[in-house]
Amino acid sequence: MRIDKFISNNSEYSRTQVRRLVKAGRVELNNEVVADASMKITGNNPLVSIHGQPLEAVGDVYYMLNKPKGYVCANSDGHYPTVIDLLADHHRSKGGRAPCDSGRLNALQVVGRLDVDTTGLVLLTNNGEWNHHMTSPKSNFFKCYQVSLNKAPTEATQKLFSEGLLLEGEKKKTKPAYLEFIATKKVRVSITEGKYHQVKRMFAAVGCRVRALHRESIGPIRLDAQLHPGEYRELYPCEVASVENSPLLTSEPL
Ligand code: URA
């Protein structure tokens, strides 16, 4: 990992601030002054110091959040509050510190975005590789959503979903999706892709309107039923590992 990324992941400094610090000769790696912010860190226990103070590495962090409506999956937004704001606010309202300070919060990446009006499972991490593994089309992880509709879908809808649909503006059909009937106007849909507004567009293609959309799971990770909307928790190590150990192309809807 580049030293500027390492520092911004583990401190309140942004990448730009780190570059300035490097230019000013204030950053050391293993007791040597760092001359280039793009320098790669190797080895397991790098000793990085800023202004002579050793930096304590937080390492990789992973959270699951039960996203309520009205929040965007972004690090900052001019209009709506973000899921990152939610993490910080939730902790403060309980009289605690944010799960990590503002710099580390900014380093969090959203693993597969949800629309502002969609609720449910959002994963956040500062581990770019893990994020990539979760979201890469090659991983083929199913994302399962509960969907409330304006009218009841039929078995013909189920068949069309499993065969793939040509969505407006696309050249290729969607990959097979699975539809499970829960109630008259409520279904569970499982998809492996993450096209823009995909679930809403798939239902629009068969003449249905989505009234509410809630993500229940991504690959092997399911939203913790104990989390109320707006609450979050760290992933358990076994959840983090379940993703890394999941064989590619063999995941199934939960
Ligand atoms: N599909 C959508 O249409 N919206 C989401 O938020 C997620 C999947």
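This is a predicted model: local features need pLDDT of at least 70, side-chain atom pairs count only at pLDDT 80 or more; totals for chains, interfaces and linings use all residues.
Residues are numbered from 1 along each chain as its sequence is written, and side-chain values use heavy atoms, with hydrogens and water left out.

The side chain of glutamate 216 forms a salt bridge with that of arginine 188, at 2.6 Å from N to O. A salt bridge is a side-chain nitrogen of Lys or Arg within 4 Å of a carboxyl oxygen of Asp or Glu. This pair links distant parts of the chain, 28 residues apart: arginine 188 is in strand S10 (residues 186-191) and glutamate 216 in strand S11 (residues 210-218). Strands (E, at least two residues) and helices (H or I, at least four) are DSSP runs, numbered from the N terminus.

## A buried pair

Arginine 233 and glutamate 239 also form a salt bridge, their closest N and O atoms being 2.9 Å apart. Both arginine 233 and glutamate 239 are buried.

The structure holds 13 salt bridges. One of them joins aspartate 4 and arginine 15, at 3.5 Å from N to O. Aspartate 4 lies in helix H1 (residues 3-9) and arginine 15 in helix H2 (residues 15-23), so this pair ties together parts 11 residues apart in sequence. Aspartate 4 is buried, at 0% relative accessibility, whereas arginine 15 is partly exposed, at 31%.

Notes
Buried means under 20% relative accessible area, exposed over 50%, partly exposed in between (1.4 Å probe, protein chains only).
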